[in-house]
Amino acid sequence: MTLARFSDAFWSEKIWLAENITWKDLENHPGGIYHPQAMHLLYPLPFAAVLLLVRYCFEHYIFAPIGLYLGVRVKVQSMAGHASNTTLEDVYRRGKCPTKQEVHGLSKKLDLSSKHIDRWFRKRRNQDRPGVLAKFTESSWRFSFYLAMFTYGMVILWQKPWFWDTEYCWIDYPEQEVTSDVYWYYMLELSYYYGAVFSQFLDIKRKDFWEMFLHHMVTIMLMAMSWSTNFVRHGTLVLVCHDTVDHWFEGAKMAKYSNHHTICNSMFGIFYVLWFLTRLVIFPIWIIPAGTYGHANSFGWSTSLIIQTSFLCILQCLHVAWFYMISRILYNALKAGTVEKDARSESDEQGTSDEDINVNSETHTKN
């Protein structure tokens, strides 16, 4: 199959568009309104690189000094016992968690107890764990970006009729103009998610690493498909719904890392309520149906619409899974007055590693 034939098959109107709608309806003409074009999905790629550079500068030259000013702890690299033992270091490089058989063999070879070997590897793993300041700067960047995008989204959508009545998502479709403010909303969000797919492999690792990776990929595919088919009005609702809560979570983590416990508690409580309202009520009850049945009732179903609906349902499943993790934090807080740690964070043992996010009691104990 030639490249041209493959392109024709891939962009088949039977796959992407509803009946009686063609790609000609989405073409741009001199003096006419602007329709989104698939090729413009490449434009955010260089912006993603710029955004990663901006992030690096902000984290190192703005947020790090702010964190130090607020009293965020700087990680002190302490040497694990027998750190100069090249045999243990060689084993550590091959695998950070040796098996029982390997520990037993090392114990005989080095004339050390198995308990001592286990302790060495535990301390060695914790030595490589990121410090609190690194977590603070990472959360600060996300807080800043999420808050900026939420604010921008609310400003541009407040006067849009489809923000208040989802029926306007499909009125006059496909002859719906994408104005410059909505255009940049999509481009900036895509730039962030393009960069996040790459930066996630360099960021602090979480237990939900692959769930977050799936979230980013699904989000990119949803935005790309909605852009290509001019489902942009509905896409902006999906974006602003998600942007509503994320900065509260990152702000709570910033407050936790800087030991501002009351602020942390307050922001986490707001985050929990907003997550429930936006991700478990508004998103599945109003936004998903507005994009699926709203379009299908007016123009019929298409393969693209079915795929986009499936992606929205995947996001909803992730919302439920993450809400369960968040609820565990809140449950432990109500039960014991403090939370052990964020269910998403990784640790080797209780009390030896930095936690990610906690809801502190009035006693300000660690979670």
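**Overall make-up**

I counted 13 helices and 0 strands in the chain, taking helices (H or I, at least four residues) and strands (E, at least two) as DSSP runs numbered from the N terminus. This is a predicted model, where local features need pLDDT of at least 70, side-chain atom pairs count only at pLDDT 80 or more, and totals for chains, interfaces and linings use all residues. Residues are numbered from 1 along each chain as its sequence is written, and side-chain values use heavy atoms, with hydrogens and water left out.

I then checked burial: 48% of the chain's 367 residues count as buried (under 20% relative accessible area, with a 1.4 Å probe and protein chains only). Among contacts (heavy atoms within 4.5 Å) with a separation of 6 or more, 76% come from residues 24 or more positions apart.

**H9 against H10**

I looked at helix H9 (residues 180-199) and helix H10 (residues 209-228), whose axes come within 10 Å and cross at roughly 150°. Axes here are lines fitted to C-alpha atoms, for helices over the stretch in contact, with angles from 0 to 180 degrees between N-to-C directions. That crossing makes H9 roughly antiparallel to H10 (over 145 degrees). The contact includes Tyr183, Tyr186 and Met187 of H9, and Phe213, His215 and Trp227 of H10. By class, I noted 13 nonpolar, 4 polar and 1 charged residues in the contact of H9 with H10. Nonpolar covers Ala, Val, Leu, Ile, Met, Phe, Trp, Tyr, Cys and Pro, charged covers Asp, Glu, Lys and Arg, and polar covers the others, Gly among them.

**H9 against H11**

How do H9 and H11 cross? I found that their axes come within 11 Å and cross at roughly 55°. On the H9 side I listed Val182, Tyr185, Tyr186 and Glu189, which meet Val232, Gly235, Thr236, Leu239, Val240 and Asp243 in H11. This contact of H9 with H11 divides into 6 nonpolar, 2 polar and 2 charged residues.

**H11 itself**

I checked the length of helix H11 (residues 232-257): at 1.5 Å a residue its 26 residues should span 38 Å, and its end C-alpha atoms are 38 Å apart, which agrees. The expected span is 1.5 Å times one less than the number of residues.

Is H11 buried or exposed? I see 25 of its 26 residues buried, so H11 is largely enclosed by the rest of the structure. Just after H11, I noted that Asn259 takes a positive phi of about 65°.

Conventions:
Angles under 35 degrees count as roughly parallel, over 145 as roughly antiparallel, 65 to 115 as roughly perpendicular and the rest as oblique. Buried means under 20% relative accessible area, exposed over 50%, partly exposed in between (1.4 Å probe, protein chains only).
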